[in-house]
Amino acid sequence: MFQYLIRRVLIGLVTLVLITFVVYGLIRNMPGTPLTYALGETDPSRRIRPEDLERMKRAYGLDKHWTEAYFHWMSRVVQLDLGRSLSRRQPVAKLIGERIGPTLLLSGTSLFLAYLLSVPMGLFATVRSGKPDERALSTFLYMLYSLPTFVAALLLLIFFAVRMAGTPWELPLFGMVSDNYRELSFFGKVGDVLRHMILPVTCFTYGSLAYFSRFVKANMLEVIRQDYIRTARAKGVHPFHVIVRHAFRNTLIPFVTLIGLTMPALLSGSVILEQIFTWPGMGRLFFEAITERDYPTIMGLTLMFSLLTLLGQLVADVLYAVVDPRVTYS
């Protein structure tokens with residue numbers, strides 16, 4: 001196992017370098033630069049002298065070829081320095097640290113609810129397979145899975161923030177907290193954040209809930225056809241024990257793999273949903289950094305997302321061996 005982990009870590013490091021190298025090349029060849037963005041914010045009547053323009057290029061790191069600039073960036077990353085944001089004039093690590101909390105609040109809550117609800121719904125759909133109530137549930141989940149999250153977000157905003165305005169059912173239109181947040185008590189602040197979370201969490205959760213439930217059902221239907229399940233039923237084992245202890249336990253193998261692969265979603269956020277709800281998370285920061293051509297911030301986020309993806313795959317493989325004793329990496 002130790003040799004396997006070392007080999008996977010080395011392969012992951014090479015993959016990480018290749019990913020960041022390609023992404024850096026792509027963003028440096030996008031139309032526009034941090035300099036053009038900064039000049040667009042200045043007075044158009046002001047003339048920029050050539051020497052000032054060259055000085056600004058050096059300040060933004062545009063005087064070097066992108067390959068040279070990449071290795072300069074990588075040398076700083078090795079020293080645990082992600083650089084400074086070109087548009088916000090702050091360390092990239094600080095910006096990411098400020099956005100991790102709001103993103104984890106949404107994604108962590110939504111993933112917890114999705115896993116908590118999808119397992120019993122998947123088991124129920126397996127036990128009641130072919131029955132009218134199971135067909136109704138499967139149709140409902142399929143409709144949820146087919147509904148784009150940004151459409152659902154707009155519909156929920158129109159209904160709860162606009163149509164329900166002035167009623168007890170009114171929910172905040174945007175943001176993470178209200179304008180009077182600082183004046184509220186501790187429990188008032190908690191309640192205010194929770195009210196702002198309801199609509200974003202709903203949009204984050206329903207798609208995953210539909211997918212995970214169908215995933216559990218599909219794997220359960222395959223497992224209950226196995227010979228050992230028929231043997232357990234023939235011996236008179238209680239149906240609940242057959243489903244939970246025997247069938248679902250073996251369904252955990254692909255389910256654990258799925259859990260590992262969803263780890264990056266905890267911090268990646270959602271660009272579209274965070275923009276719609278004006279939620280100060282990682283997805284919105286990524287969108288703003290691309291718009292502003294903020295190279296250090298883009299690369300810092302890319303590095304973090306890539307690292308989480310590779311780590312999630314490694315954790316999934318390790319958990320796979322823990323759940324299934326037949327799997328060994330020795």
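**Exercise 1. Find which residues of α7 are buried, and what they pack against.**

Solution. In α7, the buried residues are Ala 152, Ala 153, Leu 157 and Ala 161. Buried means under 20% relative accessible area, with a 1.4 Å probe and protein chains only. These buried residues pack against α8 (186-223) and α12 (271-276). Helices are DSSP runs of H or I, at least four residues, numbered from the N terminus.

The model is predicted: local features need pLDDT of at least 70, side-chain atom pairs count only at pLDDT 80 or more, and totals for chains, interfaces and linings use all residues. Residues are numbered from 1 along each chain as its sequence is written, and side-chain values use heavy atoms, leaving out hydrogens and water.

**Exercise 2. Check the span of α7.**

Solution. Helix α7 covers residues 149-163, which is 15 residues. The expected span is 1.5 Å times one less than the number of residues.

**Exercise 3. Describe how α5 packs with α13.**

Solution. Take α5 (residues 92-127) and α13 (residues 282-291). Their axes are 8 Å apart, at an angle of about 140°. So α5 is oblique to α13. Next, list the contact (heavy atoms within 4.5 Å). From α5 come Leu 95, Ile 96, Arg 99, Ile 100 and Thr 103. From α13 come Met 282, Arg 284, Leu 285 and Glu 288. The contact residues divide into five nonpolar, one polar and three charged.

**Exercise 4. State how many helices and strands the protein chain has, and what share of its residues is buried.**

Solution. The chain has 14 helices and zero strands. Of its 330 residues, 39% are buried.

Conventions. Axes fitted to C-alpha atoms, helices over the stretch in contact; angles between N-to-C directions. Helix = DSSP H or I, 4+ residues; strand = E, 2+ residues; numbered from the N terminus. Parallel < 35°, antiparallel > 145°, perpendicular 65-115°, else oblique. Nonpolar A, V, L, I, M, F, W, Y, C, P; charged D, E, K, R; others polar. Buried < 20%, exposed > 50% of the residue type's maximum accessible area, 1.4 Å probe, protein only.
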